[in-house]
Amino acid sequence: MCATIIPEKHMHYPVLLNEIISIISPQYGGTFIDCTFGQGGYSSKILEYSGTKIIALDRDKDTFKKSLYLKTNFENRFIYKNIKFSKLNNLKLKNENIKAVIFDLGYSYAQIKDKKKGLSFNSSGELNMKMGLNDFSASDVINKLEEEELEKIFKFFGEEKESKKIANRIIKERKQKNISTENLVKIIESTKRIKNYKIHSATKVFQALRIFVNKEISELIYGLINATKVLKKDGIIVVVSFHSIEDKIVKYFFKSLSQAKSVSRYMPKINFKKNLFNILVKKPILPSHKELKENPSSRSAKLRYAIKTHDFYDFETDILDKFKYLIDIENFSKKL
Ligand SMILES: C[S@@+](CC[C@H](N)C(=O)[O-])C[C@H]1O[C@@H](n2cnc3c(N)ncnc32)[C@H](O)[C@@H]1O
């Protein structure tokens, strides 16, 4: 779930960095959009190559401090914006030939460690989970949404098998008092019957809440659509994902725009608008043994990339229909 978790002494470990560098080839220069600046691991590496320029985005304003170092050292080659990547089409990029748009989804080590953000079930106090530029917190979700809505969030965003029982207990408990992080962990631990000794009982519910609070499904879908719009022919989209819902969305988006589909199997497969991407490697790229040893938290990382084959900026995609059942769940937040 977290891209940059690392042994304490290193503090920062950009996931699949070597693989990304070999895909985007910064040695030949070019402009790159780092959609998830974080601790600046990818941006710093790319800027080491002299002909490069970075446009870095992050929704968490705390990452601004990290960006100052790069701004000082690479003044004309580095731009930082505190925006969500779903809005990347609002950047004025008309004259830029973007070589690659890179997403490293999830949370940084600094965010997980920040108690105020309350992203971890080890945090204490108020349920927060806001990464930045949010409209509501996890406390609003747990203390205000209906039982059936909570159940669906845990089931579809966390793949939590005991979502019904947990949602029911939350509704009972919150009649007594507002639920804090510690209360929620206790509720989950005492409700769950199925024990999995490999992961903490609260992992799935916390994942579900983080996805919901940060609207990660629509962020990713609009991020992918808008990244495709800003790229010219030969531009590359690279995504590192950390859970199966993210990977499913990325895989579908690339695949659905990379195959020439025809209405009848007797008709020739010519439809350039559908053939918008070239996928060179069908299976996701995973961290090497060396990386897994140095940074065990990279174990759930999956990298996929696709190369744009045409200069179309408008294209049709059915991705919003395909994942409507998830967007509908995200929309429970409209009443918060
Ligand atoms: C895993 S970290 C990125 C680490 C980075 N690659 C590095 O090497 O330091 C993910 C970052 O993406 C940011 N982020 C997550 N979702 C975002 C979104 N929708 N828009 C912009 N930034 C986002 C988070 O705030 C976090 O700082």
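The model is a predicted one, in which local features need pLDDT of at least 70 and side-chain atom pairs count only at pLDDT 80 or more, while totals for chains, interfaces and linings use all residues. Residues are numbered from 1 along each chain as its sequence is written.

The chain's secondary structure comprises 14 helices and seven strands, where helices (H or I, at least four residues) and strands (E, at least two) are DSSP runs numbered from the N terminus. Its radius of gyration, taken over C-alpha atoms, is 21 Å, close to the 20 Å that the globule rule gives for 336 residues, so the chain is as compact as a globular protein of that length; the rule is 2.2 Å times the number of residues to the power 0.38. Along the principal axes, the C-alpha atoms fill a box of roughly 60 × 55 × 40 Å.

An automatic or database domain assignment gives domain 1 (17-110 + 216-318) and domain 2 (135-213), and the centres of the two, taken over C-alpha atoms, are separated by 32 Å.

Helix H7 (residues 163-173) and helix H8 (residues 181-191) have axes that come within 10 Å and cross at roughly 130 degrees, the axes being lines fitted to C-alpha atoms over the stretch in contact, with angles running from 0 to 180 degrees between N-to-C directions. That angle makes H7 oblique to H8, because angles under 35 degrees count as roughly parallel, over 145 as roughly antiparallel, 65 to 115 as roughly perpendicular and the rest as oblique. Lys165, Ile166, Arg169, Ile170 and Glu173 of H7 make the contact with Asn183, Ile187, Ile188 and Thr191 of H8, contact meaning that C-beta atoms, placed from the backbone, lie within 7 Å.

Technical notes. Contact = placed C-beta atoms within 7 Å.
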